[in-house]
Each structure stands twice: as structure tokens, then as C-alpha cells.
Amino acid sequence: MNPLHPKKLLHSKWTKVHVIQKLKHFSVVKVIYDEDSNVIECIIRAEMNAEEFAINWRDLKDSQQWLQGWK
């Protein structure tokens with residue numbers, strides 16, 4: 001399990017464990033919080049082609065899917 005705090009999400013870098021369509025390296029480009037500082041939306045961008053995806057930020061904690069940093 002990757003240690004992760006929602007306040008530290010923005011600009012963090014991630015590596016997808018199982019590569020899909022040659023997209024492996026991602027960075028968090030947008031995080032939207034509600035008035036209680038809970039994450040409402042998390043957007044990651046693929047470094048290879050700048051394609052953006054909305055994900056559940058808690059999925060980044062799963063070390064079976066994501067690794068912190070670019071590996």
C-alpha cells in the first residue's frame with residue numbers, strides 16, 4: 001500500500017504497474033476539494049501523449065496498480 005495524503009496529490013508522479021496502450025508514466029494535474037477538504041475529483045495526465053483521465057485518488061494507494069514516482 002502506497003502512503004498517500006490527499007493534500008500531497010497535486011503534481012505527484014505515478015507509474016502504472018500494468019501498462020495499457022503504452023501509457024506508463026502519469027502525473028496528477030488537477031485535484032478538486034469540497035468545503036470539508038475531501039477530494040471530489042482527481043485528474044491524472046499521461047506523460048507520453050498528455051491524455052487526461054479522471055480517477056479515484058484512493059486507487060493510487062493500491063501498490064498492485066500504481067507505484068509512486070516514475071520507475
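**Strands, loops and a pocket**

Tutor: Start with strand S1 and strand S5 (residues 66–68), which pair in the antiparallel sense over three bridges. Two strands count as paired if DSSP finds at least two bridges between them. This is a predicted model: local features need pLDDT of at least 70, side-chain atom pairs need pLDDT 80 or more, and totals for chains, interfaces and linings use all residues. Residues are numbered from 1 along each chain as its sequence is written, and side-chain values use heavy atoms, with hydrogens and water left out.

Student: Which residue in S5 is the bridge partner of Thr-15?

Tutor: Leu-67. Thr-15 itself is found in S1.

Student: Is Thr-15 buried or exposed?

Tutor: Thr-15 counts as buried because its relative accessible area is 1%. The cut-offs are under 20% for buried, over 50% for exposed, and partly exposed in between, with a 1.4 Å probe and protein chains only.

Student: What is Thr-15 in contact with, leaving aside neighbours within four places?

Tutor: Its contacts are Lys-24, His-25, Gln-65, Trp-66, Leu-67, Gly-69, Trp-70 and Lys-71. Contact means heavy atoms within 4.5 Å. Met-48 is 33 residues from Thr-15 along the chain, and their C-alpha atoms are 12 Å apart.

Student: Zoom out. How many helices and strands are there?

Tutor: Zero helices and five strands. From the N terminus on, that reads β-β-β-β-β. Both are DSSP runs numbered from the N terminus: helices are H or I with at least four residues, strands are E with at least two.

Student: What about S1 and S2, how do they pair?

Tutor: Antiparallel again, over four bridges. Lys-13 stands opposite Ser-27 in S2. The hairpin has two residues between the strands, and Gln-21 there takes a positive phi near 55°.

Student: Tell me more about Gln-21. Is it buried or exposed?

Tutor: Gln-21 lies in the loop between S1 and S2. It counts as exposed because its relative accessible area is 68%. Its phi is positive although it is not a glycine.

Student: Next, how many bridges join S2 to S3?

Tutor: Seven, between S2 (residues 23–33) and S3 (residues 39–46), which run antiparallel. Val-31 has Cys-42 in S3 as its bridge partner. Five residues sit between these strands in the hairpin, and Ser-37 takes a positive phi near 65°.

Student: And how do S3 and S4 pair?

Tutor: S3 pairs with S4 (residues 52–55) in the antiparallel sense, over four bridges. Ile-43 has Ala-54 in S4 as its bridge partner. This hairpin also has five residues between the strands, with Ala-50 at a positive phi near 65°.

Student: Where does Ala-50 lie?

Tutor: In the loop between S3 and S4. With a relative accessible area of 46%, Ala-50 is partly exposed.

Student: What do side chains do in a regular strand?

Tutor: As a general rule, they alternate between the two faces of the sheet.

Student: New topic. What volume does the largest pocket have?

Tutor: About 190 Å³. The search uses a 1 Å grid over the protein atoms alone; a pocket is an open set of points with protein on both sides within 12 Å along at least five of seven lines, whereas a cavity is a set where a 1.4 Å probe fits but cannot get out. Points are joined across faces, edges and corners, and the volume is the space filled by probe spheres set on them.

Student: Which residues line the largest pocket?

Tutor: Among them are Lys-16, Gln-21, Phe-26, Phe-53, Asp-59 and Trp-66. Lining residues have an atom within 4 Å of a point. S1 (13–20), S2 and S4 each give two or more residues to this lining.

Student: How does the lining divide into nonpolar, polar and charged?

Tutor: Seven nonpolar, two polar and three charged. Ala, Val, Leu, Ile, Met, Phe, Trp, Tyr, Cys and Pro count as nonpolar; Asp, Glu, Lys and Arg as charged; the others, Gly among them, as polar.
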